[in-house]
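Welcome, and please open your viewer. We will walk through one chain stop by stop, selecting a few residues each time.

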Amino acid sequence: QVELQESGPGLVKPSQTLSLTCTVSGASITTASYHWSWIRQPPGKGLEWMGAIGYRGGTYYSPSLKSRTSISRDTSKNQFTLQLNSVTSEDTAVYYCARDFRGLNGEYDYWGQGTQVTVSS
């Protein structure tokens with residue numbers, strides 16, 4: 001059974017950096033050929049793919065967020081991390097990590113439960 005769990009602060013101040021970690025159990029993040037994504041859903045809006053890290057460590061970002069986003073991993077802990085810089089209230093959302101099993105085609109077989117992040121002073 002594959003499980004993903006997001007963790008991180010629920011409140012971030014404007015202009016600061018949002019940092020979230022996804023801990024994976026039941027599967028290795030280095031197993032071919034999966035990609036591990038960050039997805040968010042702002043209140044009242046749809047899901048937005050933010051970026052992903054592949055099993056070989058390659059990173060992929062949404063063009064609209066690329067300048068502010070960094071995804072990394074710690075294979076010893078089987079975790080991957082999202083950093084989003086210079087946050088504003090527009091970054092308030094539920095953030096999810098998920099496993100993409102079809103090569104960044106947006107087909108996810110496992111999701112974390114999601115974590116609410118609010119950007120506010």
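A strand here is a DSSP run of type E with at least two residues, and a helix is a run of H or I with at least four residues, both numbered from the N terminus. Buried means under 20% relative accessible area, exposed means over 50%, and partly exposed lies in between, using a 1.4 Å probe and protein chains only. The model is predicted, so local features need pLDDT of at least 70 and side-chain atom pairs count only at pLDDT 80 or more, while totals for chains, interfaces and linings use all residues. Residues are numbered from 1 along each chain as its sequence is written, and side-chain values use heavy atoms, with hydrogens and water left out.

**Stop 1: strand E1 and its sheet**

Which residues lie on the covered face of E1, and which on the uncovered one? Leu4 and Glu6 are on the covered face, while Glu3, Gln5 and Ser7 are on the uncovered face. In a regular strand the side chains alternate between the two faces of the sheet.

**Stop 2**

Select Thr81 in strand E8. Is Thr81 buried or exposed? Thr81 is buried because its relative accessible area is 18%. Its side chain makes a polar contact with the side chain of Thr21 at 3.4 Å. A polar contact is a pair of N or O atoms within 3.5 Å; within protein, one must be able to donate a hydrogen and the other to accept it, and residues adjacent in sequence count only if both atoms are side-chain atoms. Show what surrounds Thr81, leaving aside neighbours within four places in sequence: its contacts include Ser19, Trp38 and Ile71. Contact means heavy atoms within 4.5 Å.

Move on to Thr69 in strand E7. With 8% relative accessibility, Thr69 is buried. The side chain of Thr69 reaches the backbone oxygen of Leu65 at 2.7 Å. Beyond four places in sequence, Thr69 touches Tyr61, Leu82, Gln83 and Leu84.

**Stop 3: the disulfide**

Select Cys22 and Cys97, which form a disulfide with sulfur atoms 2.1 Å apart. The rule asks for a pair of cysteine sulfur atoms within 2.5 Å, and the count comes to one disulfide. Cys22 sits in strand E3 and Cys97 in strand E9, 75 residues apart, so the pair links distant parts of the chain. The torsion about the S-S bond is about 70°, so the disulfide is right-handed. Both Cys22 and Cys97 are buried.

**Stop 4: the nonpolar core**

A nonpolar core is a set of buried Ala, Val, Leu, Ile, Met, Phe, Trp, Tyr and Cys residues joined through side-chain atoms within 4.5 Å. How many residues does the largest one have? The largest core has 23 residues, and those with the most contacts inside it are Leu18, Val24, Trp38, Phe80, Leu82 and Tyr95. E3 gives the largest share, four residues. Centre the view on Tyr95: among the residues it touches, beyond four places in sequence, are Glu6, Ile39, Met50 and Val117.

**Stop 5: loops**

Find Ser15 in the loop between strand E2 (11-12) and E3. Ser15 has a positive phi of about 80° although it is not a glycine, and at 59% relative accessibility Ser15 is exposed. Asn78, in the loop between E7 and E8, also has a positive phi, near 55°, but Asn78 is buried at 15%.

Finish with Ala32 and Ser33, joined by a cis peptide bond with omega about 0°. Ser33 lies in the loop between E3 and E4.
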